[in-house]
Amino acid sequence: MKENRRGTILAIDMGNTNIVVGVADGKKIYFEERISTDHTKTALEYAVSFKMLLELHGISPDAIQGAILSSVVPQLNHPIREAVEKVTGIRPLLVGAGIRTGLNIRMDQPKQVGSDQIVDAVGALAEYGAPVIIIDFGTATTFSLVDAAGNYSGGVIIPGLQVAVDSLVTRTAQLPRISLEAPQKVIGKNTVDCMQSGAVYGYASMIDGMLARIEEEAGLRGADCLINLPGRYHVVATGGLARIVIPACRRRDIVVDNSLLIKGLELIYLKNVEE
């Protein structure tokens with residue numbers, strides 16, 4: 001088994017719905033892709049998926065010099081780490097107890113904060129500075145606040161958009177499954193448009209409203225929340241559905257950064273490997 005060292009790294013964030021996979025080398029992110037989280041897959045099947053992703057982007061497994069994994073699905077940690085080892089010969093670092101993140105977590109129970117939220121915060125703090133609010137569109141939609149001193153100081157957890165839509169369809173007899181995209185108008189003229197409006201514009205309104213409440217409670221500057229004021233705090237959105245919901249928001253200062261997890265994982269990796 002090869003040792004983790006500085007260089008080109010394979011970064012993986014395992015969520016309940018999707019697994020984010022990327023490769024970076026400190027100067028460049030070569031790719032950031034998503035595959036479905038599947039509890040029935042074996043380590044070998046995941047290894048095939050990782051190898052195919054590397055091949056798709058023209059990266060040899062031998063070029064990988066380190067690996068890191070963050071996960072909110074503990075039961076899949078072993079098969080994913082084994083899969084990475086099969087492909088690269090490297091046992092990935094696991095974000096958790098004993099891993100240095102450089103982030104001070106000011107929570108009642110710091111160990112309960114999801115590793116993905118920690119990784120997001122590390123990436124956003126380095127990329128955008130503090131204070132910063134991170135919105136992550138995953139199985140749950142989460143808000144994380146990093147205060148002006150660079151501390152992780154709290155957050156919000158909301159049922160994810162896809163979870164909400166799936167629940168609505170499952171619990172109603174006549175509502176169809178829909179694609180998640182914004183209709184041209186808020187007021188729908190058919191069932192699909194009405195559902196899409198409720199999903200996309202409803203969540204966009206929630207984003208606007210929650211940001212205003214967080215802003216007020218945290219004492220952040222934001223008297224005019226529709227423009228980007230010089231020197232005010234940053235708002236960063238990430239996750240697969242950010243590109244659909246954020247354009248529908250009235251806020252104009254939200255940056256969409258779908259590589260945030262990869263950036264955060266790379267930074268944490270570098271803090272934990274020997275010089």
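In which helix do Lys86 and Glu82 both lie, and how many residues apart are they? Select the pair: the helix is H2 (residues 77-88), and the two residues sit four apart, about one turn of the helix. Bear in mind that this is a predicted model.

**Stop 1**

Lys86 is partly exposed at 49% relative accessibility. Glu82 is also partly exposed, at 29%.

Glu85 has a relative accessible area of 26%, so it counts as partly exposed. Arg91 is partly exposed too, at 25%.

**Stop 2: a buried salt bridge**

Select Lys263 and Asp257. Their side chains meet in a salt bridge at 2.8 Å, N to O. Are these two residues buried or exposed? Both Lys263 and Asp257 are buried. The model has nine salt bridges by count.

**Stop 3: the largest nonpolar core**

Select Phe137, Phe143 and Ile207. Of the 31 residues in the largest nonpolar core, these three touch the most other members. Colour the elements that each supply at least two residues of this core: strands S7 (132-137), S8 (140-146) and S10 (234-238), and helices H4 (161-170), H5 (191-218) and H6 (242-245). Which gives the most? H5 does, with nine residues.

Centre on Ile207. Setting aside neighbours within four places in sequence, Ile207 is in contact with Ile135, Phe137, Thr141, Phe143, Val245, Cys249 and Ile254.

Then look for the second, separate core. This one has 27 residues, including Val20, Ala121, Ile134 and Tyr152.

**Stop 4**

Cys249, already seen beside Ile207 as a contact, is buried, with a relative accessible area of 2%. Select Cys194 for contrast: at 41% relative accessibility, Cys194 counts as partly exposed. How many disulfides does the model have? The count is zero.

**Stop 5: a nonpolar surface patch**

Finish with Leu44, Val48 and Met52. They form a nonpolar patch on the surface, with about 300 Å² of accessible area together. Leu44 belongs to helix H1 (residues 43-56). Its relative accessible area is 54%, so Leu44 counts as exposed.

Terms used:
Residues numbered from 1 in each chain as written. Predicted model: local features only at pLDDT ≥ 70, side-chain atom pairs only at ≥ 80, totals over all residues. Heavy atoms only, no water. Disulfide = S-S within 2.5 Å. Buried < 20%, exposed > 50% of the residue type's maximum accessible area, 1.4 Å probe, protein only. Core = buried A, V, L, I, M, F, W, Y, C linked by side-chain atoms within 4.5 Å. Contact = heavy atoms within 4.5 Å. Patch = residues over 30% accessible without salt bridge, like charges linked within 9 Å, V, L, I, M, F, W, Y side chains within 5 Å. Areas by Shrake-Rupley, 256 points an atom, 1.4 Å probe, with all protein chains shown as cover. Salt bridge = Lys/Arg side-chain N within 4 Å of Asp/Glu carboxyl O.
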